[in-house]
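Please look through the sequence and the model below before reading on. The paragraphs that follow go from a single residue to its sheet, and then to charged pairs and a nonpolar core.

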Amino acid sequence: MTSDRILRRGLPILLAVCILALCVGQATARGPAINDIQPYDTIFIYEEGLNLTQLRNATTDNPITALRKYQDDNPDKSLIKSIAVTDDTNFEVQDLLVDGDYGTYYTFSPEDGVTGQVMIREPKIYLDVVLASPYHNERLDGLSVSENTRIAFKIACPDVGAFYTASGVYPATVDIVVTHPGGAETTAIGGMNLAGLNVSSTQFYTDDPGRPGPIALSDLREVGTYTVRAEWSEPAAFDAYAPDSEPVTFTVGKRVGIETGTPTPTPTATPTPTPTVTTPPTTAAPTPTVTTPPTTAAPTTPATTVPATETATPTTVPPATTPTATPLPVWAAIAALGLVVILIGRRR
């Protein structure tokens, strides 16, 4: 009974999930070329030359005239935004028209109404400086590190790395630009090229397999603060308009306990002489002579003889004596024993 009840309830649920999956659709890769947009694809602001013909009504093949955004992503609700499409074979996603309203847009033609849908997103890129593998979880942003440290750069492109692909090809690339303490910029460190890194995943490190590898800070050759940023190099529209990553700084210091270069001698401080002040001699004033009249000695009083005081003889106190206990007479013990015997006899 229980199995039949579960089966009866489970079939409608499974059917509902399947219908929902069909309604939502799955994100598909573009194709055959990167500019050929399929239903449910993700497109990005700044992109140019997009072909939207695969989103037309397959029966009427009427051109698409607008991309529309509806309340709650529901075409049956109110219209929020409409972006005109003058040529659905060569469409440009202008950031001024999207104006930050990213999300689901529906393709529209006056004859057919809603014919399909796409997602519009912003091509974002993030960069971080970390220790080389296997210590990628240790961030170095704002820290001072020894020049014998090995590091790696972490690049994250959540949307481009996931959706900007066609026929297994990921054409987007980024450059990592390092600014030295003196202001010089470069994409090469120690013979390692950090330009044109392929964005083939949502996140990767420069020391991953197939990537340039770990970077030894000793190859930077300068002690001081470095600034690093990631910027788009492909597609050209991203390079021209999409923002770079936020800059990340780190400071390269000397190795602990090792002096590099010629030490600068410390100058010896010269003591400042203290000026000597000469004080003119002071002439002492003459001391007046005072004549003291002779003193008449008082008559001598005869000495009084004080009788000697008698010495008191200390009294000796005998030590306290502890009284010795007197043993009980034998007759008293016998009498007490007899009394006990008589009392015992009466109780019986």
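Not counting residues up to four places away in sequence, Thr104 touches Arg68, Lys69, Asp73, Gln117, Val118 and Met119. The model is a predicted one, and in it Thr104 belongs to strand β4, which covers residues 103–109. Thr104 has a relative accessibility of 10%, and because buried means under 20%, Thr104 counts as buried.

Two of the residues that Thr104 touches, Lys69 and Asp73, are themselves joined by a salt bridge, in which the closest N and O atoms are 3.8 Å apart. The two partners fall into separate accessibility classes: Lys69, at 11% relative accessibility, counts as buried, whereas Asp73, at 35%, counts as partly exposed.

Strand β4 is part of an open sheet of five strands, arranged in the order β1-β5-β4-β2-β3 with mixed pairing. The edges of this sheet are formed by β1 (42–44) and β3 (79–84), each of which pairs on one side only, and from one strand to the next the twist averages 40 degrees.

Is Phe91 buried or exposed? At 5% relative accessibility, Phe91 counts as buried, because the limit for that class is under 20%. Leaving aside neighbours within four places in sequence, the contacts of Phe91 include Glu47, Glu48, Gly49, Leu50 and Leu52, together with Leu67, Ile83, Ala84 and Val85. Of these, Glu47 is 44 residues from Phe91 in sequence, yet the C-alpha atoms of the two residues are 8.3 Å apart in space.

Side chains of opposite charge can pair when their charged atoms come close. With a nitrogen-to-oxygen limit of 4 Å, the count for this model comes to 12 salt bridges. One of them joins Asp141 to Arg139, with the closest N and O atoms 3.7 Å apart; here Asp141 is partly exposed, with a relative accessible area of 36%, and Arg139, at 47% relative accessibility, also counts as partly exposed.

Another salt bridge is formed by Glu185 and Arg229, whose closest N and O atoms are 3.2 Å apart. This pair links distant parts of the chain, since Glu185 sits in strand β10 (residues 185–186) and Arg229 in strand β16 (residues 224–234), 44 residues apart. Arg229 is partly exposed, with a relative accessible area of 21%, and salt bridges that share partners join Glu185, Arg229, Glu231 and Asp244 into one network.

The last topic is the nonpolar interior. In soluble globular proteins, nonpolar side chains tend to be buried together. In this model the largest nonpolar core has 54 residues, and those with the most contacts inside it are Ile120, Phe153, Ile155, Val160, Trp232 and Phe250. At least two residues of this core are supplied by each of β1, β5 (113–121), β6 (126–131), β8 (150–156), β9 (173–179), β16, α4 (236–241) and β17 (248–253).

Technical notes. Residues numbered from 1 in each chain as written. Predicted model: local features only at pLDDT ≥ 70, side-chain atom pairs only at ≥ 80, totals over all residues. Heavy atoms only, no water. Pairing = 2+ DSSP bridges. Helix = DSSP H or I, 4+ residues; strand = E, 2+ residues; numbered from the N terminus. Axes fitted to C-alpha atoms, helices over the stretch in contact; angles between N-to-C directions. Buried < 20%, exposed > 50% of the residue type's maximum accessible area, 1.4 Å probe, protein only. Contact = heavy atoms within 4.5 Å. Salt bridge = Lys/Arg side-chain N within 4 Å of Asp/Glu carboxyl O. Core = buried A, V, L, I, M, F, W, Y, C linked by side-chain atoms within 4.5 Å.
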